Amino acid sequence: MIFEYDILVIGAGHAGCEAAAAAANLGKNTCLMTMDMNKIAQMSCNPAIGGIAKGQIVREIDALGGYMGIITDKASIQFRMLNRSKGPAMWSPRAQCDRVKFGNLWRETLENIPNLNMWQDCATELLVENGKAVGVKTQMGAEFRAKCIILTAGTFLNGLMHIGRVKIEGGRIAEPAAKGLTESIVKHGITIGRMKTGTPVRLDKRSINLQLTDIQEGDNDFHRFSYINTERHLKQNPCWACYTSPEVHEVLRDGLDESPLYNGQIQSIGPRYCPSIETKIVTFPERDRHLLFLEPEGETTQEIYVNGFSSSLPMDIQLNALRKIPALKDAVAYRPGYAIEYDYFDPTQLKHTLESKIIENLYFAGQVNGTTGYEEAAGQGIIAGINATLKIDNKGEFILHRDEAYIGVLIDDLVTKGVDEPYRMFTSRAEYRILLRSDNADMRLTERAYNIGLASEERYKRLCKKKELIAELTEFIKNFSIKADLINKGLEALGTTPLTRGCKLSSIIERPQVTIEAIAEYITPLKSRLERLGADRDEITEAVEIEIKYSGYIERERELAQKMLRLENIRIKGRFDYHSIESLSTEARQKLSAIQPETLAQASRIPGVSPSDINVLLVLAHK
């Protein structure tokens with residue numbers, strides 16, 4: 001039987017869900033194919049969304065009209081804004097979620113999007129005609145034809161799990177691997193590699209002595225993931241913290257001969273920034289303890305995720321080591337931790353739209369591009385869904401630049417630099433991170449998404465109203481003059497130096513000890529203005545305060561971004577035979593020929609291409 005669609009999305013993980021939703025909401029007849037409709041948007045590892053830099057990506061997805069932020073808010077059982085002791089460029093939202101409710105909410109959402117169908121099956125062969133992807137064949141013998149295909153298969157392509165010396169084929173515990181699809185893609189000239197990730201043991205909370213742990217409560221303020229202020233309805237739960245010890249490490253060290261990571265069983269590279277517990281004790285032998293977080297998997301479940309204890313050691317070693325921790329002395333496990341190896345495709349073979357340079361109309365998103373993390377996957381998914389739609393309609397490309405979004409940094413890093421380990425986003429990867437804050441993703445992206453038809457009218461109107469209110473409050477603060485004798489009492493109460501003469505209110509707000517809300521108690525006109533802001537008061541005042549306090553840094557980064565934009569506007573794709581340019585270094589010729597950068601700016605970010613190489617290309621481009 002043959003089915004025909006505009007867009008076919010293979011894999012219903014976080015990338016696939018956002019890709020399918022975006023394509024369908026943009027009017028394309030879309031099919032989302034998954035091996036198990038009960039595992040849609042499964043949280044394969046930790047039951048949390050967001051975190052350092054990842055939280056910014058989720059807010060960007062929401063600003064574009066995606067769903068991860070909305071569903072996270074609805075499924076949240078604890079919300080925290082990380083890094084509040086640092087500047088706003090580092091603030092990162094993170095939420096613990098009810099794992100089951102999160103997946104159920106995603107399925108409910110997808111099943112009610114017009115133009116979107118789902119099919120439970122496994123793609124086994126990519127169909128290519130005249131260099132273009134045209135469909136897939138499935139395990140059940142069906143054939144799906146589509147104008148564009150988006151592959152978001154996660155860790156399922158030839159997935160192999162490891163628990164000690166036990167090896168189990170699968171893409172996730174108790175779920176089969178996807179066979180055949182990789183091989184059908186590779187024969188068209190696309191190169192692949194193998195990567196590894198892992199997950200920790202899950203424990204029964206009833207077997208844990210929580211009195212011997214440190215409790216970690218969440219925040220209870222106005223912050224959310226979604227800009228449309230989705231309410232949190234679930235009971236908020238704490239997390240708990242404890243530490244490993246030398247006794248724990250001794251058990252783990254004695255079992256290293258049984259570790260697939262150290263006995264040669266696993267050859268692929270794992271994530272450096274999320275190492276297994278056995279890697280930690282080998283890499284940091286001087287450390288006598290490592291922090292573990294005990295995270296609830298749901299609102300009512302007893303299942304606990306042991307964050308910081310990823311492992312592929314035999315299950316008896318995992319449990320024996322954990323039981324050396326006083327709080328976990330009587331720990332009972334639901335299942336052990338395991339490592340998983342899987343196929344990925346070299347992302348330098350992709351355009352910035354995430355379309356393959358080798359097979360036209362084929363897009364890749366998520367862990368198949370060598371990334372790790374739900375958020376990185378979802379960010380790629382929504383961009384792939386948008387660009388597949390625009391290509392069908394012949395409406396150009398939707399590309400986010402490095403000064404516009406963390407998603408832009410992520411994709412540019414992937415297609416320009418490639419990966420030699422699972423890629424994880426950090427704030428340090430973004431050179432313009434003061435511009436890419438979690439509070440202003442809607443200001444950066446919603447209008448762009450609205451112009452292509454993805455962000456809703458409701459979102460756009462909220463954005464316009466927010467901009468108006470921010471502008472009005474900013475103008476008032478910059479122009480309002482305050483007398484010293486009227487404000488000094490308030491300044492002293494806030495622990496900051498009194499004025500010797502009057503000044504503009506903005507000069508006071510610039511002080512680190514002063515907030516708009518706190519000083520408003522001493523300035524009646526300001527207090528009255530804040531009271532008129534209504535439900536969005538906290539969001540508006542935070543945005544205005546950040547812009548005023550950090551205006552110098554923000555303006556400097558905008559100027560730097562503008563300078564780089566000049567190089568972004570110099571397109572060099574197809575203009576040069578790099579091998580023939582003798583004034584380029586040998587490494588630059590090799591790298592430029594392999595990656596074929598679109599612009600001079602992209603070329604400047606390729607490892608091995610020096611500033612002198614860029615100057616050579618700049619001269620040649622002007623000629």
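The paragraphs below go through a predicted model, from its overall dimensions to single residues. Local features are described where pLDDT is at least 70, side-chain atom pairs count only at pLDDT 80 or more, and totals for chains, interfaces and linings use all residues. Residues are numbered from 1 along each chain as its sequence is written, and side-chain values use heavy atoms, with hydrogens and water left out.

The protein contains 21 helices and 21 strands; helices (H or I, at least four residues) and strands (E, at least two) are DSSP runs, numbered from the N terminus. Its radius of gyration is 26 Å, close to the 25 Å that the globule rule gives for 623 residues, so the protein is as compact as a globular protein of that length. That radius is taken over C-alpha atoms, and the globule rule is 2.2 Å times the number of residues to the power 0.38. Along the principal axes, the C-alpha atoms fill a box of roughly 80 × 70 × 50 Å.

Of the 623 residues, 58% are buried. Buried means under 20% relative accessible area, exposed over 50%, and partly exposed in between (1.4 Å probe, protein chains only). Contact means heavy atoms within 4.5 Å. Among contacts between residues at least 6 apart in sequence, 72% join residues at least 24 apart.

Of the 9 residues of S1, 7 are buried, so the strand is largely enclosed by the rest of the structure. Two strands pair if DSSP finds at least two bridges between them. S1 pairs in the parallel sense with strand S9 (residues 143-151) over 8 bridges, and in this pairing Tyr-5 stands opposite Ala-146. S1 also runs parallel to strand S2 (residues 30-34), with 4 bridges joining them; here Ile-7 is opposite Thr-30. Together with helix H1 (residues 14-25), S1 and S2 make a right-handed β-α-β unit. A crossover is right-handed if, with the strands pointing away from the viewer, the path from the first strand over the helix to the second runs clockwise.

A separate description is needed for an open sheet of 3 strands, which has the order S3-S5-S4 and antiparallel pairing. Its edge strands, S3 (48-50) and S4 (76-82), each pair on one side only. From one strand to the next, the twist averages 15 degrees. Between S4 and strand S5 (residues 92-97) there are 6 bridges in the antiparallel sense, and Phe-79 stands opposite Ala-95 in S5. Helix H3 (residues 68-75) packs on this sheet and touches S3, S4 and S5, its direction making about 115 degrees with that of S4. Axes are lines fitted to C-alpha atoms, for helices over the stretch in contact, and angles run from 0 to 180 degrees between N-to-C directions.

Two loop residues have positive phi values without being glycine. Ala-41 has phi near 55 degrees and lies in the loop between S2 and S3. At 1% relative accessibility, Ala-41 is buried. Asn-130 has a phi of about 55 degrees and sits in the loop between strand S7 (123-129) and strand S8 (132-138). Asn-130 is exposed, at 82% relative accessibility.

Beyond its neighbours within four places in sequence, Met-315 is in contact with Ile-163 and Pro-336. From Met-315 to Glu-555 the separation is 240 residues in sequence and 54 Å in space, C-alpha to C-alpha. The buried residues of H8 are Ile-317, Gln-318, Leu-319, Ala-321 and Leu-322. Their cover includes strand S10 (160-163), strand S12 (192-204), helix H6 (246-254), strand S15 (291-296), strand S16 (303-310) and strand S17 (333-335).

Arg-459 belongs to helix H12 (residues 457-479) and is buried, at 10% relative accessibility. Neighbours within four places in sequence aside, Arg-459 is in contact with Asp-62, Ala-63, Gly-65, Gly-66, Ile-70, Ser-226, Tyr-227, Ile-228 and Thr-446.
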